[in-house]
Amino acid sequence: MEFVLILLPIFGIFAIGFIGQKTLKFDIPNLSKLTLYLMSPFLAFNTFYTNKLTIDYAYLLIFVVGLCLSIIAIVYVIAKVMNYDIQDACAMILASAFMNNGNYGTPVVLLIFGAAGLDIAVILMVLQQLAMSTIGVFFAARGSSQNAGMKMVWQRVVRMPVAYGALLGILLQLVHFPVPTSVMTCVKLVGDAAIPTIMIVLGMQLAVISFRRIDIPKVSISLILRLLISPMIAVLFTLILPVDTMTKQIMILLAAMPTAANTTLLAVQFNTKPDLVSSTTFISTVLSIVTIPTILWILFS
């Protein structure tokens with residue numbers, strides 16, 4: 001029952017965006033740009049500045065990057081075998097390589113493991129944000145419908161301010177620079193607004209999807225990679241990384257989370273098959289009602 005209560009606010013925020021788009025017809029690309037360029041950098045800065053860096057970051061960074069690159073490699077193999085173009089491959093990467101371990105995974109970890117588990121979940125959330133603002137942006141730009149060359153792709157990655165917000169937060173933490181309370185209040189207000197706005201934009205994107213145009217084979221492959229293959233790969237990482245049992249369980253649990261809502265923003269912003277990405281995000285979130293309890297049963301049986 002508690003698990004269902006965690007999901008209700010998530011679907012409620014999706015519904016707000018869905019109803020708003022159906023009735024008021026918002027400009028989704030511009031709202032996506034607002035979130036990516038103005039709000040998300042403050043969220044990244046606040047997250048990295050306020051969470052103390054420890055040796056756990058090194059092990060968990062290996063896990064986050066390794067898991068992400070493993071999924072990307074699998075997608076490329078599938079795309080090669082199935083003769084998918086680069087736009088399809090990049091959209092599938094956005095849909096399958098990045099998990100929602102923030103507004104979804106973190107509350108679940110807190111419910112199951114308590115405060116000690118929350119600390120680990122926050123570190124993973126921070127590292128996932130950094131991966132999405134670099135690797136995610138790269139593949140979103142690479143799969144853009146504008147067919148940009150590699151030079152243009154890298155220019156778009158460099159221009160994305162989310163990574164700079166994260167790096168600035170790390171730098172100021174390492175040099176022990178005291179950011180004034182009034183400034184941090186402003187940063188936190190804008191950053192905290194980013195997460196619900198991202199979810200509202202996803203709801204809006206769902207409102208304009210024609211489910212008759214959804215590429216079922218590609219969505220199905222993305223769902224299998226995100227909900228089934230990803231936690232299996234996570235198990236392999238738990239066998240080689242020197243972390244405790246609880247951390248291993250959290251790594252596997254978060255690897256099984258549905259697709260991150262941020263990927264829809266990237267897909268909309270760069271026009272990288274946004275219907276494929278947003279539909280995978282929504283369907284994976286719905287299916288997680290069954291898959292996450294199953295993962296928990298396996299972990300604790």
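Predicted model: local features only at pLDDT ≥ 70, side-chain atom pairs only at ≥ 80, totals over all residues.
User: How many salt bridges does a search of the whole structure find?

Analyst: In general, one looks for a side-chain nitrogen of Lys or Arg within 4 Å of a carboxyl oxygen of Asp or Glu. In this structure the search finds 4 salt bridges.

User: Which residues are linked in a network of salt bridges?

Analyst: The network joins Asp88, Asp215, Lys218 and Lys273. One of its pairs is Asp88 with Lys218, where N and O lie 3.8 Å apart. This pair connects distant parts of the chain, since Asp88 belongs to helix α4 (residues 86-96) and Lys218 to helix α9 (residues 216-240), 130 residues apart.

User: Where is Lys273, and how does the salt bridge with Asp88 link parts of the chain?

Analyst: Lys273 and Asp88 form a salt bridge whose closest N and O atoms are 2.2 Å apart. Lys273 sits in the loop between α11 (262-270) and α12 (274-300), whereas Asp88 is in helix α4, and the two are 185 residues apart. Lys218 also meets Asp215 in a salt bridge, with an N to O distance of 2.5 Å.

User: Is Asp88 buried or exposed?

Analyst: The general idea is to compare the relative accessible area with a cut-off: a residue under 20% is buried, one over 50% is exposed, and values in between are partly exposed. Asp88 has a relative accessible area of 8%, so Asp88 is buried. Lys218, at 9%, is likewise buried. Lys273 counts as partly exposed because its relative accessibility is 29%, and Asp215 counts as partly exposed at 28%.

User: How many disulfides does a search of the whole structure find?

Analyst: A disulfide is a covalent bond that joins the sulfur atoms of two cysteines. The search finds 0 disulfides here.

User: Are Cys68 and Cys186 buried or partly exposed?

Analyst: Cys68 is buried, because its relative accessible area is 3%. Cys186 has a relative accessibility of 43%, so Cys186 counts as partly exposed.

User: Which residues make the nonpolar surface patch?

Analyst: To read such a patch, one looks for nonpolar side chains joined within 5 Å, in residues with over 30% relative accessible area. Here Leu168, Leu171, Leu174, Val175 and Phe177 make a nonpolar surface patch of about 480 Å². Among them, Val175 lies in the loop between α7 (162-174) and α8 (181-207).

Technical notes
Residues numbered from 1 in each chain as written. Heavy atoms only, no water. Disulfide = S-S within 2.5 Å. Buried < 20%, exposed > 50% of the residue type's maximum accessible area, 1.4 Å probe, protein only. Patch = residues over 30% accessible without salt bridge, like charges linked within 9 Å, V, L, I, M, F, W, Y side chains within 5 Å. Areas by Shrake-Rupley, 256 points an atom, 1.4 Å probe, with all protein chains shown as cover. Helix = DSSP H or I, 4+ residues; strand = E, 2+ residues; numbered from the N terminus.
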